[in-house]
Amino acid sequence: MMSILILNGPNLNLLGTRQPEVYGHATLADIEAMCREKAATLGIEAGFAQSNSEGRLVDLIHEARERHSGVVLNAGAYTHTSVALMDAITATQLPVVELHLSNIHAREEFRRHSYIAPVAIGQICGFGAAGYGLAIEALVGHLDGSGTT
Ligand code: DQA
């Protein structure tokens, strides 16, 4: 069975209480449950992980190669700073869908630049927790050939 990893970066463990006006009221546990439901609907397996540490996220991308066919990545603030995460994606050649709850293009200028975007198959942002479902659909479409990318 196809398996994908949904990987979350720094501060996303605080979802639900962290700036709900920006990131919504869903907790990371709510989002995980929603992702698992979506995966079941699509007939795939999904791993789900979160870390506040950049190096741990690099390790998880490396390890994903052994078990997963692709990654949905919300890298949080590391999106805007991490050459290491960009290089990990390039090194593993895993297809990655970049995801953000908020519309990073409509916020502070520094959030408009993403180190992930040039090595991702696409980016979904601005749709809150629903974006996770959209990203899973896009990744699975890419992997099974039914999508356009
Ligand atoms: C985020 C956007 C980032 O700019 C921010 O640092 C986050 C969350 C989002 O999901 O909207 O931590 O990735």
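1. In helix α4, which spans residues 83–92, the buried residues are L85, M86, A88, I89 and T92, where buried means under 20% relative accessible area, exposed over 50% and partly exposed in between, with a 1.4 Å probe and protein chains only. These residues lie on the same side of α4, because they cover an arc of only 160° around the axis, the arc being that of the directions from the helix axis to the C-beta atoms. Helices (H or I, at least four residues) and strands (E, at least two) are DSSP runs, numbered from the N terminus.

2. The model is predicted, so that local features need pLDDT of at least 70 and side-chain atom pairs count only at pLDDT 80 or more, whereas totals for chains, interfaces and linings use all residues. Residues are numbered from 1 along each chain as its sequence is written, and side-chain values use heavy atoms, with hydrogens and water left out.

3. The cover over the buried residues of α4 includes α3 (54–67), β3 (70–74) and β4 (96–100). Just after α4, Q93 adopts a positive phi of about 60°.

4. The packing of α3 against α4 has an angle of about 10°, and the axes are 10 Å apart; axes are lines fitted to C-alpha atoms, for helices over the stretch in contact, and angles run from 0 to 180 degrees between N-to-C directions. The two helices α3 and α4 are therefore roughly parallel to each other, given that angles under 35 degrees count as roughly parallel, over 145 as roughly antiparallel, 65 to 115 as roughly perpendicular and the rest as oblique.

5. On the α3 side, E54, L57, V58, I61, H62 and R65 meet A84, L85, A88, I89 and T92 of α4, contact meaning heavy atoms within 4.5 Å. By class, this contact of α3 with α4 has seven nonpolar, two polar and two charged residues; Ala, Val, Leu, Ile, Met, Phe, Trp, Tyr, Cys and Pro count as nonpolar, Asp, Glu, Lys and Arg as charged, and the others, Gly among them, as polar.

6. The count of disulfides is zero, a disulfide being a pair of cysteine sulfur atoms within 2.5 Å. C35 is in no disulfide, and its nearest cysteine sulfur, that of C125, is 17 Å away. C35 is buried, with a relative accessible area of 1%, and C125, at 15% relative accessibility, also counts as buried.

7. G147 lies in the segment after α5 (130–144) and, at 35% relative accessibility, counts as partly exposed. Leaving aside neighbours within four places in sequence, G147 is in contact with G141 and H142.
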